[in-house]
Amino acid sequence: GAFCPAEAMSFSDTRKPTSFVEKAALFVLGFAVVATLQAAGGWWLNSGTGVLRTVLVLLALGVFAALWRSGRPWVRACALWAGAISGMAVVLFWIGPGNIWPIVLAVAAGVSAAAVFGGAFVGSAVARFWH
């Protein structure tokens, strides 16, 4: 598979491979959530409320991805984030990217990565505490 920088992290890494189905499901979930948030509130980076809503949803999904029982939490978080940023790219080009789309996508990637991987970190800490 593609390299994900978070794979090098090993917070509560179970060393069990994450299945393709799990990764695909999380990719689709990330994509679908971003599309749904777009339909409900417009482009998320256009308002503080949109940013807050998107960050909180992605943070919660990152926790969920890390708490999933099997596989590596960081691989699942990568799949979730890849789906989310792919959805953001599709949405951005659907609504009209404008002239600064590379900067917009870079900011979207950074903010969404912080939310997803922050949630995965919290979820991994909770999972480690429970076990």
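Reply: Start with Phe 64, which is partly exposed because its relative accessible area is 43%; buried means under 20%, exposed over 50%, and partly exposed lies in between (1.4 Å probe, protein chains only). This is a predicted model, so local features need pLDDT of at least 70 and side-chain atom pairs count only at pLDDT 80 or more, while totals for chains, interfaces and linings use all residues. Residues are numbered from 1 along each chain as its sequence is written, and side-chain values use heavy atoms, with hydrogens and water left out.

Me: How is a pair of aromatic rings described?

Reply: Two values are given: the distance of the centres and the angle of the planes. Rings of Phe, Tyr and Trp (its six-membered ring) pair if their centres lie within 6.5 Å; planes under 30 degrees apart are stacked, over 60 edge-to-face, and the rest tilted. The count by this rule is five aromatic pairs. One of them joins Phe 64 and Trp 68, a tilted pair with 5.5 Å centre to centre and 50 degrees between the planes. Trp 68 is partly exposed, because its relative accessibility is 28%.

Me: What type of pair do Phe 93 and Trp 101 form?

Reply: Phe 93 and Trp 101 are edge-to-face, at 5.1 Å centre to centre and 65 degrees between the planes. Phe 93 has a relative accessible area of 41%, so this residue is partly exposed; Trp 101 is partly exposed at 35%. Elsewhere, ring pairs link Trp 74, Trp 81 and Phe 117 into a cluster.

Me: Which residues touch the most other members of the largest nonpolar core?

Reply: A nonpolar core is a set of buried Ala, Val, Leu, Ile, Met, Phe, Trp, Tyr and Cys residues joined through side-chain atoms within 4.5 Å. Here the largest has 29 residues, and those touching the most other members are Trp 43, Leu 58, Ala 77, Leu 80, Met 88 and Phe 117. Two or more residues come from each of helix 1 (20–41), helix 2 (48–67), helix 3 (73–95) and helix 4 (101–130). Helices are DSSP runs (H or I, at least four residues), numbered from the N terminus. Helix 3 gives the most, ten residues.

Me: What is Ser 86 in contact with?

Reply: Contact means heavy atoms within 4.5 Å. Leaving aside neighbours within four places in sequence, Ser 86 contacts Phe 27 and Phe 31. Ser 86 sits in helix 3 and is partly exposed, with a relative accessible area of 26%. Its C-alpha atom is 8.5 Å from that of Gly 30, 56 residues apart along the chain.
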